[in-house]
Amino acid sequence: NSWMCCLKESIVSGLCCTHVGENGECCDSNNKCCPADKPLRDKDGNCYVCDDETQVNVEGTVENCAVCSNRLVSGSKKHCVLKCGLKGTSNENKPLMDTNGKCHACNEEVNVNVTKVTDNCNKCSNRYLVTGTFSGDYCALCGVAGSTVEDKKILDTWGVCQSCDASNLINVHGIESSCLSICPNRTLVGDKCYREYCSETVPLEDIDGKCHPCNEPLPIDVGGDETKCSCINRTLDGQYCILNGSKN
């Protein structure tokens, strides 16, 4: 929220220079100079052309990135990177930028972390934005038709796609609403998405949401819930569902 003035004679290729070198280079206070054809200076004073596809580390000097109109600062505020989707570059068919400045194709089989650059997600019509996970914000592909994760509709708190029929509980901390709105066969308990019922072949559900067959030899911890100990060859013993005739 402040203004900085720069003398006209100190401006080279859009940068305000401490001084201008003998050959018109832009120089900083440490006498690090960049020529007009390599105007982009990194945090260590090295110079780059704007079209260089290298991620240039400008940590602490992010304003240097503005000298190149075809580049922008990554969401992590560390690198000056080529814009995604630029024609004639290796990123031409990769319009989606992640938080570290790497470009991705819309149909790439990965959930892309777009923390601090969430507006990138709208460049891919086959993706949707999920915010608030432990790992940040994702441009997700979970459950999208035609993808390898079409049958895995839930995005967990670590950015991994999970199936509605998965026997394990799913941590959805920060995105709890997805549990009920996406999978009608699951229920939310705290920040864990539990499956409400198991299949006929593995009907016994333990307190961790895992399913077991009736002939499971070990006691199954059902938390003392008699309704979860429904096999005719088993009985409830305290909090455990045990085989008839056995003792926990």
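Residues are classed here by relative accessible area, with buried meaning under 20%, exposed over 50% and partly exposed in between, for a 1.4 Å probe and protein chains only. The structure is a predicted model, in which local features need pLDDT of at least 70 and side-chain atom pairs count only at pLDDT 80 or more, whereas totals for chains, interfaces and linings use all residues. Residues are numbered from 1 along each chain as its sequence is written, and side-chain values use heavy atoms, with hydrogens and water left out.

Side chains of opposite charge can pair when their charged atoms come close. The structure holds 2 salt bridges, a salt bridge being a side-chain nitrogen of Lys or Arg within 4 Å of a carboxyl oxygen of Asp or Glu. In one of them Lys43 is paired with Asp44, and the closest N and O atoms are 3.4 Å apart. Lys43 is partly exposed, because its relative accessible area is 40%, and Asp44, with a relative accessible area of 46%, is likewise partly exposed. A salt bridge also joins Asp191 to Lys192, where the closest N and O atoms lie 2.9 Å apart. Lys192 counts as partly exposed at 25% relative accessibility, and Asp191 counts as partly exposed at 21%.

Space within the protein was examined next. The largest pocket holds about 330 Å³ of space. On a 1 Å grid over the protein atoms alone, a pocket is an open set of points where a 1.4 Å probe fits, with protein on both sides within 12 Å along at least five of seven lines, and lining residues have an atom within 4 Å of a point. Grid points are joined across faces, edges and corners, and the volume is the space filled by probe spheres set on the points. The lining comprises 21 residues, of which Leu15, Cys16, Arg41, Glu63 and Asn64 lie nearest the centre of the pocket. These lining residues divide into 7 nonpolar, 7 polar and 7 charged, where Ala, Val, Leu, Ile, Met, Phe, Trp, Tyr, Cys and Pro count as nonpolar, Asp, Glu, Lys and Arg as charged, and the others, Gly among them, as polar.

On the surface, a nonpolar patch is formed by Phe134, Trp158 and Val160, which together have about 340 Å² of accessible area. Such patches are made of residues with over 30% relative accessible area and no salt bridge, nonpolar side chains (Val, Leu, Ile, Met, Phe, Trp, Tyr) being joined within 5 Å and like charges within 9 Å; accessible areas come from the Shrake-Rupley method with a 1.4 Å probe, and for residues only the protein chains shown count as cover. Val160, partly exposed at 41% relative accessibility, lies in the loop between strand S16 (154-155) and strand S17 (161-162); strands (E, at least two residues) are DSSP runs numbered from the N terminus.

Two lysines in loops have positive phi values. Lys77, in the loop between strand S9 (71-73) and strand S10 (79-82), has phi near 60 degrees and is exposed, with a relative accessible area of 53%. Lys116 has phi near 75 degrees and is found in the loop between strand S13 (112-113) and strand S14 (128-133), where Lys116 is exposed with a relative accessible area of 66%.

Gly238 occupies the loop between strand S24 (234-237) and strand S25 (240-243) and is exposed, because its relative accessible area is 56%. The C-alpha atoms of Gly238 and Gly85 are separated by 61 Å, the residues being 153 apart along the chain.

Key. Helix = DSSP H or I, 4+ residues; strand = E, 2+ residues; numbered from the N terminus.
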